[in-house]
Amino acid sequence: MTQLLEAAASVFGQVGYTAASTNAIAREAGVSPGTLYQFFPNKEAIAVELGDRFLHRMREAHTQVFTEANAALPLAEMLETVLDPLIEFNCRNPALLALIKSSDIPGRLLEDHDALHESLLTRVGELISVYVPAMPADQRTRTAAMAFALFKAGLELVVGHEGAERDAYVLELKASMFRYLEPVLGAGCRGPAGGTADAPAALHP
């Protein structure tokens, strides 16, 4: 089963969910289609199982990065600490984005992803409230949604490139989020020692 799921992740990542087929997955796994059907009745079942595993790991990643300790960091350092593991996860698992972007993603997987999305927005909002406790709830919700939208847009560019070009887009992503959040959070960007956060490296000349 693990061999088939790894093959499915490779195929989904290369051609997307819609264009993928069970025959292609079996071929990638080095087994016959008959062997694949002993474990999964169809492509949808493979996607659901693979998606469940991805989303479980993503929940674990969120738990590890959205912590009180990270919320106490200056903004630029917090962005580095929070974004790096999430970017690394998605770069290692491009099939997750391929599944989520698909127009015919299995319904259960879409529901689970939407629930994770809402949970992540809540965590981002909680992080913002640490920096600016007095921010009204509606403004905090909009700020969290915009920050998350910036991250998702930049993430697609990061995952879509490799090597030095990927590294450059990572810097652009962090710089974009810093430029958006720094004026919104204002004085809340000061770190625990009272110093103002420095911008990420991409912002320096």
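Biologist: Which residues lie nearest the centre of the largest cavity?
Modeller: This is a predicted model, and in it F66, V124, L127, A147 and M177 lie nearest the centre of that cavity. They are among the 18 residues that line the largest cavity.

Biologist: What's its volume?
Modeller: The largest cavity comes to about 200 Å³. The structure holds one cavity of 30 Å³ or more.

Biologist: How many of the lining residues are nonpolar, polar or charged?
Modeller: The lining of the largest cavity has 18 nonpolar residues, with no polar and no charged ones.

Biologist: And which helix gives the most to that lining?
Modeller: That's α6, with six residues. Helices α6 (75–92), α8 (107–131), α9 (137–159) and α10 (163–185) each supply at least two.

Biologist: OK, switching to pockets. What volume does the largest pocket have?
Modeller: About 330 Å³. The largest pocket is lined by 18 residues, and L97, H113, F148, K152 and L155 lie nearest its centre.

Biologist: How does that lining split by class?
Modeller: The lining of the largest pocket has eleven nonpolar, four polar and three charged residues. α9 gives the most, five residues, while α4, α6, α7 (94–101), α8 and α9 each supply at least two.

Biologist: What about the second largest pocket, what's the volume there?
Modeller: The second largest pocket has about 190 Å³. It has 13 lining residues, and L5, E6, A9, L50 and F54 are the closest to its centre. Two or more residues come from each of α1 (2–19), α4 and α7, and the largest share, five residues, is from α1. By class, the lining of the second largest pocket has six nonpolar, three polar and four charged residues.

Biologist: Back to helices. At what angle do α4 and α8 pack?
Modeller: Helix α4 (residues 43–65) packs on α8 at about 10°, with the axes 10 Å apart. Angles under 35 degrees count as roughly parallel, so α4 is roughly parallel to α8.

Biologist: Which residues make the contact?
Modeller: On the α4 side, A47, V48, G51, D52, L55, M58, R59, H62 and T63. On the α8 side, R108, L109, D112, H113, L116, L120 and R123. By class, the contact has seven nonpolar, four polar and five charged residues.

Note on methods. Residues are numbered from 1 along each chain as its sequence is written. This is a predicted model: local features need pLDDT of at least 70, side-chain atom pairs count only at pLDDT 80 or more; totals for chains, interfaces and linings use all residues. Side-chain values use heavy atoms; hydrogens and water are left out. On a 1 Å grid over the protein atoms alone, a cavity is a set of points where a 1.4 Å probe fits but cannot get out, and a pocket is an open set with protein on both sides within 12 Å along at least five of seven lines; lining residues have an atom within 4 Å of a point. Grid points are joined across faces, edges and corners, and a volume is the space filled by probe spheres set on the points. Helices (H or I, at least four residues) and strands (E, at least two) are DSSP runs, numbered from the N terminus. Ala, Val, Leu, Ile, Met, Phe, Trp, Tyr, Cys and Pro count as nonpolar, Asp, Glu, Lys and Arg as charged, and the others, Gly among them, as polar. Axes are lines fitted to C-alpha atoms, for helices over the stretch in contact, and angles run from 0 to 180 degrees between N-to-C directions. Angles under 35 degrees count as roughly parallel, over 145 as roughly antiparallel, 65 to 115 as roughly perpendicular and the rest as oblique. Contact means heavy atoms within 4.5 Å.
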